[in-house]
Amino acid sequence: MNIHSIATAPDAPAPGWPELADVDLLRTLVETERRRRRLDAAMRAAVAEAERRGLAADIGYRDTVELLTDLLRISAHEARQRIEYAAPQARSRSRKVWRVLAAAS
């Protein structure tokens with residue numbers, strides 16, 4: 001296995017890719033996907049924890065969307081998607097509580 005088989009980014013120097021053996025390219029694809037999934041899981045967990053803690057409000061942001069857009073330099077749409085993906089059960093639970101409270105009024 002050569003150095004390309006542990007590549008972590010798709011922007012590796014172009015000159016090395018054409019010379020890469022097929023087996024090493026396959027290994028690179030598998031390893032990169034494995035790492036991408038691990039990073040994705042870490043991001044989901046961090047976003048969920050920030051949302052659970054109410055971290056945004058604690059440090060002066062209106063909400064977690066505003067925090068993520070500022071901190072990560074992503075769009076509000078992307079921030080909302082990440083929050084929904086990270087903590088869908090928390091959001092659906094809060095909607096259920098709201099419906100129960102509205103019905104009780």
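Arg-73 lies in the loop between α4 and α5; helices here are DSSP runs (H or I, at least four residues), numbered from the N terminus. The model is predicted: local features need pLDDT of at least 70, side-chain atom pairs count only at pLDDT 80 or more, and totals for chains, interfaces and linings use all residues. Residues are numbered from 1 along each chain as its sequence is written, and side-chain values use heavy atoms, with hydrogens and water left out.

Arg-73 follows α4 and has a positive phi, near 60 degrees. The residue is not a glycine. Most residues other than glycine have a negative phi. Arg-73 is exposed, with a relative accessible area of 65%. Exposed means over 50% relative accessible area, buried under 20%, and partly exposed in between (1.4 Å probe, protein chains only).

Helix α4 spans residues 64–72, and its buried residues are Thr-64, Val-65, Leu-67 and Leu-68. Seen down the helix axis, these residues fall within an arc of 160 degrees, so they line one face of α4. The arc is taken from the directions from the helix axis to the C-beta atoms. The cover over this face includes α2 (22–53), α3 (55–58) and α5 (76–86). At the start of α4, a side-chain oxygen of Asp-63 comes to within 3.3 Å of the backbone nitrogen of Val-65. This is a polar contact (a pair of N or O atoms within 3.5 Å; within protein, one must be able to donate a hydrogen and the other to accept it, and residues adjacent in sequence count only if both atoms are side-chain atoms).

The largest nonpolar core has seven residues: Val-47, Val-65, Leu-68, Ile-74, Ala-79, Ile-83 and Ala-86. Such a core is a set of buried Ala, Val, Leu, Ile, Met, Phe, Trp, Tyr and Cys residues joined through side-chain atoms within 4.5 Å. Helices α4 and α5 each supply at least two of its residues. The largest share, three residues, comes from α5. Beyond its neighbours within four places in sequence, Val-47 is in contact (heavy atoms within 4.5 Å) with Leu-68, Arg-82, Ile-83 and Ala-86.

In α2, the buried residues are Asp-24, Thr-28, Glu-31, Val-47 and Ala-50. They pack against α1 (16–19), α3, α4 and α5. Thr-28 has a relative accessible area of 4%. Its side chain reaches the backbone oxygen of Asp-24 at 2.8 Å. Just after α2, Gly-54 takes a positive phi of about 70 degrees.
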